[in-house]
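Here are some notes to read with the model open beside you.

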Number of protein chains: 2
Amino acid sequence: MSKKKSRYAPTLNDVARESGVSAITVSRCFRHPEKVSDAVRKRVMETVEKLGYVPNSAASALASRRTDVIGLLLPSLNNNVYLDVVSGAFDRAHGTRHAIQIGNHKYSPLEEEKLIRIFLQQNPAGLIVAGGEQTEAATEMLREADCRVVQIMDTDVDPIDLVIGLDHERAAGEAVAGLLARGYERIGFLGARMDTRSQKRLAGYRRVIGDSGGEERIATSPMPSSARLGAQLLADLFARYPDTDAVFTNNDDIALGAYLECQRRAIRMPEDFGIVGFNDMDLLEELNPSLSTVRTDRYRMGHDSVDRLIALADTARPEGAAVLDLGHACMWRGTTREA
Amino acid sequence: MSKKKSRYAPTLNDVARESGVSAITVSRCFRHPEKVSDAVRKRVMETVEKLGYVPNSAASALASRRTDVIGLLLPSLNNNVYLDVVSGAFDRAHGTRHAIQIGNHKYSPLEEEKLIRIFLQQNPAGLIVAGGEQTEAATEMLREADCRVVQIMDTDVDPIDLVIGLDHERAAGEAVAGLLARGYERIGFLGARMDTRSQKRLAGYRRVIGDSGGEERIATSPMPSSARLGAQLLADLFARYPDTDAVFTNNDDIALGAYLECQRRAIRMPEDFGIVGFNDMDLLEELNPSLSTVRTDRYRMGHDSVDRLIALADTARPEGAAVLDLGHACMWRGTTREA
């Protein structure tokens with residue numbers, strides 16, 4: 001492009017002024033035409049033609065104002081699940097011109113909305129958020145953002161640009177079906193915190209237990225997850241359902257607490273009791289017996305999100321969104337019988 | 001201060017120009033006069049008097065350009081130790097106008113220097129770094145920074161503004177002395193990664209073993225820490241010193257691996273073998289037997305660093321530095337005999 005042409009190229013603001021609408025409305029006509037009235041869109045598009053406005057040149061002008069910061073907004077930094085995401089993200093950014101900046105909203109959608117506003121004001125190269133339970137205002141900001149947005153953890157969310165995660169309901173359902181296939185009959189669910197993803201795992205448990213004609217046996221707590229809480233939840237469950245012969249837990253901390261409680265009560269695993277955790281944290285395979293769990297790839301969620309954001313940082317925002325399902329794997333180990 | 005006075009108040013740059021030196025040299029005359037030659041200092045101070053330059057007005061002018069970001073530069077985000085620091089820092093910043101931005105240099109001083117340069121260019125409200133093993137250039141940048149700097153983790157570092165940590169050599173020495181006091185006689189050391197703080201813990205082990213006239217039994221690995229590595233290190237130690245009757249480990253992951261290896265070999269704890277870890281991560285107390293360890297307060301290191309940086313963000317940098325020793329506590333539990 002010649003210097004002259006670039007100097008006189010009409011901008012998004014020129015189109016807005018000429019059409020008598022705001023710049024964001026012009027942007028919306030390109031990105032989300034379904035959100036703009038037919039009359040306004042017609043007027044804007046006529047101005048676009050008249051001025052010879054090329055949206056991509058505006059997009060790259062915007063891109064050039066961006067910093068090299070990739071924002072990573074997470075609901076928690078207290079557990080290994082999100083630490084693995086952080087680790088993957090930092091590993092991918094290491095040695096590049098990009099830097100990761102972390103925000104922690106502690107499972108508060110309003111705090112998340114505030115962080116999204118702050119992060120977007122700083123013109124990031126890209127933004128990574130967890131799940132799709134943002135407030136309406138936050139979702140709108142993400143949809144109108146001048147950078148790409150990756151939603152991680154879940155696959156069953158309304159996608160903005162790119163979704164990288166797994167199906168928690170399906171993963172939990174497979175784990176519970178695996179317990180049934182291994183001859184366990186009275187299977188309980190132990191869950192802490194009960195955030196969105198824990199709720200999805202509970203839904204997977206309920207679906208499979210319901211399909212099998214079994215009885216739901218559920219012990220949950222709003223408290224943060226810990227091994228101590230896992231032991232308490234199993235004690236609660238035994239108090240109400242003494243003949244329970246297996247548990248699926250919504251994460252490995254809870255599974256580990258249940259495991260230690262079984263050892264204290266001299267309950268034999270896998271013969272008389274089965275346990276399956278969720279996430280496959282490092283320690284589980286070292287235990288005697290080793291702990292069965294559902295493997296999920298949080299590291300890759302962080303790593304691949306940053307990888308995609310770096311690759312796409314300087315390109316124009318495409319139409320449409322993509323979902324990348326990283327899947328899961330049930331790791332059947334020493335705390336569950338052979339199938 | 002009247003508008004007129006503030007408009008005509010001489011700046012640091014005026015003093016520098018008039019004295020024929022750089023602005024950083026003028027700054028150094030106030031902050032680190034011992035680093036400037038007598039002749040230069042005399043010339044600068046005469047100019048300061050002549051112009052009526054007031055250093056504090058420059059300091060507050062600089063302060064007003066600061067962002068609300070507190071930088072937190074850590075050597076790792078893969079283990080619970082630094083996660084606890086992060087957690088404390090985020091908790092303290094939550095609900096304030098300050099935001100935490102994390103950098104991870106993966107134990108590389110050159111990478112840390114690069115991050116310090118990037119972070120300081122963004123005019124942070126404060127900067128938190130781990131330990132005192134920065135490169136010479138990084139240390140110089142921190143000393144000349146326009147914000148307060150907190151060095152966390154260790155107390156035995158050359159302080160810049162404020163140091164918040166503990167004495168790792170002393171803590172390790174107390175743990176090993178505690179094993180001797182409990183009747184263990186052939187005590188080994190297991191260590192992974194062997195970063196600066198691990199080296200200090202090893203030094204504490206060596207000092208106490210040396211004082212007791214005992215034999216050093218050491219198994220270390222440059223690999224990152226994990227329970228699996230802990231089990232391997234104990235196996236290595238037993239291969240070389242079969243009559244070892246206790247180990248002090250440089251962290252809890254390694255202790256847990258040694259613990260599980262003892263269970264696999266049916267070695268009785270605490271009767272025939274003692275184990276002490278380092279850090280007191282959550283899980284240890286839940287085990288049967290529960291695992292002895294050295295409690296350290298990483299959460300408070302993060303929390304108190306941010307607390308101090310918020311309190312001091314808008315004040316002028318003081319002369320002198322302070323050291324806050326958070327101490328440690330040996331938690332004698334089920335893997336060690338009664339004293």
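Predicted model: local features only at pLDDT ≥ 70, side-chain atom pairs only at ≥ 80, totals over all residues.

1. **A loop of chain A with two features.** Let me start with Asp280(A), which lies in the loop between S9 and S10 of chain A. Its phi is near 60°, a positive value in a residue other than glycine. Is Asp280(A) buried or exposed? With a relative accessible area of 14%, Asp280(A) is buried, because the cut-off for that class is under 20%. Pro289(A) is also placed in the loop between strand S9 (274-276) and strand S10 (293-295) of chain A. The peptide bond that leads from Asn288(A) into Pro289(A) is cis, with omega near -5°.

2. **Backbone points in chain B.** Most residues other than glycine have a negative phi, and most peptide bonds are trans. Against that background, have a look at Asn123(B), which is not a glycine but has a positive phi of about 50°. Asn123(B) sits in the loop between helix H7 (109-121) and S3 of chain B, and at 25% relative accessibility it counts as partly exposed. Chain B also has a cis peptide bond between Met269(B) and Pro270(B), where omega is about 5°. You will find Pro270(B) in the loop between helix H12 (252-264) and strand S9 (274-276) of chain B.

3. **The enclosed strand of chain B.** How many of the six residues of strand S1 (residues 69-74) of chain B are buried? Six of the six are, so S1(B) is largely enclosed by the rest of the structure. In a regular strand the side chains alternate between the two faces of the sheet. Here both faces are covered: Val69(B), Gly71(B) and Leu73(B) are buried on one side, and Ile70(B), Leu72(B) and Leu74(B) are buried on the other.

4. S1(B) runs parallel to strand S2 (residues 99-104) of chain B, and six bridges join the two. Within this pairing, Leu73(B) stands opposite Gly103(B).

5. **A buried glutamine that touches chain B.** Gln101(A) belongs to strand S2 (residues 99-104) of chain A. At 5% relative accessibility, Gln101(A) counts as buried. Leaving out residues up to four places away in sequence, Gln101(A) touches Val69(A), Ile70(A), Gly71(A), Leu72(A), Phe119(A), Gln122(A) and, from chain B, Gln101(B).

6. **A buried arginine.** Arg197(A) is part of helix H10 (residues 196-211) of chain A, and it is buried, with a relative accessible area of 5%. Which side chain makes a polar contact with the side chain of Arg197(A)? That of Asp154(A) does, at 2.4 Å. I would check this pair by eye. Beyond four places in sequence, the residues touched by Arg197(A) include Pro75(A), Tyr82(A), Glu133(A), Met153(A) and His168(A).

7. **A helix with one buried side.** In helix H2 (residues 12-19) of chain A, the buried residues are Val15(A), Ala16(A) and Ser19(A). These residues cover an arc of only 100° around the axis, which puts them on the same side of H2(A). Just after H2(A) comes Gly20(A), with a positive phi of about 75°.

8. **Chain A as a whole.** The domain assignment divides chain A into domain 1 (12-63), domain 2 (69-166 + 299-326) and domain 3 (168-297). The C-alpha centres of domain 1 and domain 3 of chain A are 53 Å apart, and the C-alpha trace of chain A spans about 80 × 45 × 30 Å along its principal axes. Chain A holds 13 helices and 12 strands, and 54% of its 339 residues are buried. Of the contacts in chain A between residues at least 6 apart in sequence, 70% join residues at least 24 apart.

Conventions: Residues numbered from 1 in each chain as written. Chains lettered and ligands numbered in written order. Heavy atoms only, no water. Domains from an automatic or database assignment. Buried < 20%, exposed > 50% of the residue type's maximum accessible area, 1.4 Å probe, protein only. Helix = DSSP H or I, 4+ residues; strand = E, 2+ residues; numbered from the N terminus. Arc of directions from axis to C-beta. Polar contact = N/O pair within 3.5 Å; in protein donor to acceptor, adjacent residues only side chain to side chain. Contact = heavy atoms within 4.5 Å. Pairing = 2+ DSSP bridges.
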